[in-house]
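Work through the exercises below with the sequence and the coordinates open beside you. Try each task before you read its solution.

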Amino acid sequence: GQFCNPGGVLVSPSNEIFVADIDNGRVQVHNTEGVYLRHFPTVVPGTLDKEMEPLDVCMDGKGTLWVVGGGASADHVVQYSKDGTAMTQFELPTGALYFRGI
C-alpha cells in the first residue's frame, strides 16, 4: 500500500507492523521485511463519523488494536480486532490543537 502521511507505528508480538495511514483513512499492515499484507479502513461504529483519520495505534495485552484519530464531528478512540473489525469506540473532547497519541 501507498502511504499518505503515515503516523503511529506498532510492531505486534506476531511481528506484524501496523501503521496509521492518516490521509488515506486506514491502518496498513506489513511484515518485518516491509511487505504489504493488508489494510483496513478506520471506521467509527455507532457515531455520525463514518470514518476517521487515524493518528496513532497500539495493541493491548489481549491482542486487540486501539486507534486514536479525528473525525468530522469528534476525536475518537476505536477498538479493532487484528483483522480490522471495529468493536467499540469512545469520543474525546474536540478542539485539540495537537496530534493525539496513545
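The exercises that follow concern a predicted model, and they move from a sheet to its strand pairs and then to charged side chains and a loop residue.

**Exercise 1.** Determine the strand order of the open sheet of four strands, and state which strands are its edge strands.

*Solution.* Begin with the pairing, which is antiparallel and gives the order 1-2-3-4. Next, look for strands that pair on one side only: these are strand 1 (6-11) and strand 4, the edge strands. Finally, compare directions, ignoring their sense: neighbouring strands of this sheet are turned by 20° against each other on average.

**Exercise 2.** Describe how strand 1 is joined to strand 2, and find the residue that stands opposite Leu10.

*Solution.* Strand 1 and strand 2 pair over four bridges, and the sense is antiparallel. Within this pair, the residue of strand 2 that faces Leu10 is Phe18.

**Exercise 3.** Characterise the hairpin that strand 3 and strand 4 form, including its turn.

*Solution.* First count the bridges: five of them join strand 3 (residues 26-31) to strand 4 (residues 36-41), and the two strands run antiparallel. Then consider the connection, where four residues lie between the strands and Gly34 in the turn has a positive phi of about 90°.

**Exercise 4.** Locate the salt bridges of the structure and classify the accessibility of the residues that form them, taking under 20% relative accessible area as buried.

*Solution.* The structure holds two salt bridges. In one of them, Arg38 pairs with Glu16, and the closest N and O atoms are 3.0 Å apart. Because Arg38 belongs to strand 4 and Glu16 to strand 2 (residues 16-21), this pair ties together parts that are 22 residues apart in sequence. Arg38 is partly exposed at a relative accessible area of 25%, whereas Glu16 is buried at 15%. A salt bridge also links the side chains of Asp21 and Arg26, at 2.9 Å from N to O. Here Asp21 is buried, with a relative accessible area of 0%, and Arg26 is buried as well, with 16%.

**Exercise 5.** Is Ala72 buried or exposed, and where does this residue lie?

*Solution.* Ala72 is found in the loop between strand 6 (65-70) and strand 7 (75-80). Its relative accessibility is 82%, so with a cut-off of over 50% Ala72 counts as exposed.

How values were computed:
Residues are numbered from 1 along each chain as its sequence is written. This is a predicted model: local features need pLDDT of at least 70, side-chain atom pairs count only at pLDDT 80 or more; totals for chains, interfaces and linings use all residues. Side-chain values use heavy atoms; hydrogens and water are left out. Two strands pair if DSSP finds at least two bridges between them. A salt bridge is a side-chain nitrogen of Lys or Arg within 4 Å of a carboxyl oxygen of Asp or Glu. Buried means under 20% relative accessible area, exposed over 50%, partly exposed in between (1.4 Å probe, protein chains only). Axes are lines fitted to C-alpha atoms, for helices over the stretch in contact, and angles run from 0 to 180 degrees between N-to-C directions.
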